[in-house]
Amino acid sequence: MRIAIVTESFPPDVNGVAHSVVRTAEHLLARGHEPVVIAPAPPGAGGQDTGRLPYPVVRIPSVPLPRYQGFRLGVPTSTRLAGALLSAEPDVVHLASPFILGARAATLASRHRLPTVAVYQTDVAAYARAYRVGWGEAAAWRRLREIHNSAQRTLAPSTRAAADLIANGVQRIWLWRRGVDAVRFDPAKRCAALRQRLAPGGELLIGYVGRLAPEKRVELLAATSRLPGVRVVVAGDGPARRQLARALPGVDFLGVQHGEDLARLYASLDLFVHTGPHETFGQTLQEALASGVPVVAPASGGPVDLVDPGVTGLLVPPNDGDALAAGVADLAGDADRRRTYGLAARAAVRRRTWAAVGDELIGHYHAVRAGSAAVGLPAAS
């Protein structure tokens, strides 16, 4: 099949949408399909990425998101989008977290009767609140409902995300989770030298990995950072970094981590903490679990599916820094329980490979091509 993937984000962006699109395109290519990615252009980029990737990437003119200059929005009125989409002659259009560029692509796909799968991955209503960009929550949901209901299927990454979509009038929803690279993210990569550098006094090493943005609520780590015998490290970057560095003076900010450096960091943690209450999935939690690290996260959104309380970690009330610190303190004093949770964490996710979820996605493509728009059912765990 020829698959046109229209995405709101793509490398060099570092986020869940961009990562998921890369892994999807890689899998499609490995299975003998022909993906073409249509994405916003980074600053100074031309219209076509050549030589760097084994599939074509067409770049659409973009502008920076207000209040978040590091994130670019594709310009939906660009004639380049229509030309790129239609010249690809796709068998299926894949809309990755559609809202701006994806909305225009959804209209084009509907007009030209192209089978379409829309992947819900971003809580846009939460972003509208956090960045005050002119969309209210109700307006954001109206736009999302129109986009997703124009597709033959919407794929939701978690049961909570699916429930939000249903509550807001989105139809034809199927559950499609994300994969994890359990070879890269492996407990065996625990690094004594890294632990010595980050926690020279032998403290319990607590880590957060993700974007540093208002909706992630990373400031909730303040109480955790004050726990005795604990060292908190944060990996990532974003518009809130300077503010967070002032609010969390005892926290070590490591910047963005990639590849083996990121894998070593995960495996070297004693606990992984997540603060954001608006995660539709939570890929960093899954990477920590694959690394054999227990997780403490809010009982909200995607983490509810990923963390088995009392088995692989703890879920705490969302938006409550004291509750997060209490969860960390509960596990900090019990090395045996952390070890047991870590073993269970690895076992819970190691078979959720990108190949397995990629094949599920191809199944959805075949279904929409065949005209199947039946009521969705959850995919297997």
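Before anything else, a term: two strands count as paired when DSSP finds at least two bridges between them. Keep in mind that this is a predicted model.

Start by selecting residues 295-298, strand β15, together with β16; these two pair in the parallel sense over four bridges. Show side chains and you'll find Val-296 opposite Leu-314 in β16.

Now bring up the whole sheet. Its six strands run in the order β13-β12-β11-β14-β15-β16, the sheet is open, and the pairing is parallel. β13 and β16 (313-316) sit at the edges with a single partner strand each, so one side of each has no neighbour in the sheet. Look along the sheet for the twist, which averages 25 degrees from one strand to the next.

Helix α11 (residues 283-290) lies across β11, β14 and β15, at about 160 degrees to β15.

Strand β12 (residues 230-235) pairs with β13 in the parallel sense over three bridges, and Val-233 stands opposite Asp-252. Which residues of β13 are on its covered face? Phe-253 and Gly-255 are, with Asp-252 and Leu-254 on the uncovered one.

Last stop: helices α13 (residues 321-332) and α14 (residues 335-349). Their axes come within 7 Å and cross at roughly 105 degrees, which makes α13 roughly perpendicular to α14. Select Asp-330, Leu-331 and Ala-332 of α13 plus Arg-337, Arg-338 and Tyr-341 of α14 to see the contact.

Conventions
Residues numbered from 1 in each chain as written. Predicted model: local features only at pLDDT ≥ 70, side-chain atom pairs only at ≥ 80, totals over all residues. Heavy atoms only, no water. Axes fitted to C-alpha atoms, helices over the stretch in contact; angles between N-to-C directions. Parallel < 35°, antiparallel > 145°, perpendicular 65-115°, else oblique. Contact = heavy atoms within 4.5 Å. Buried < 20%, exposed > 50% of the residue type's maximum accessible area, 1.4 Å probe, protein only.
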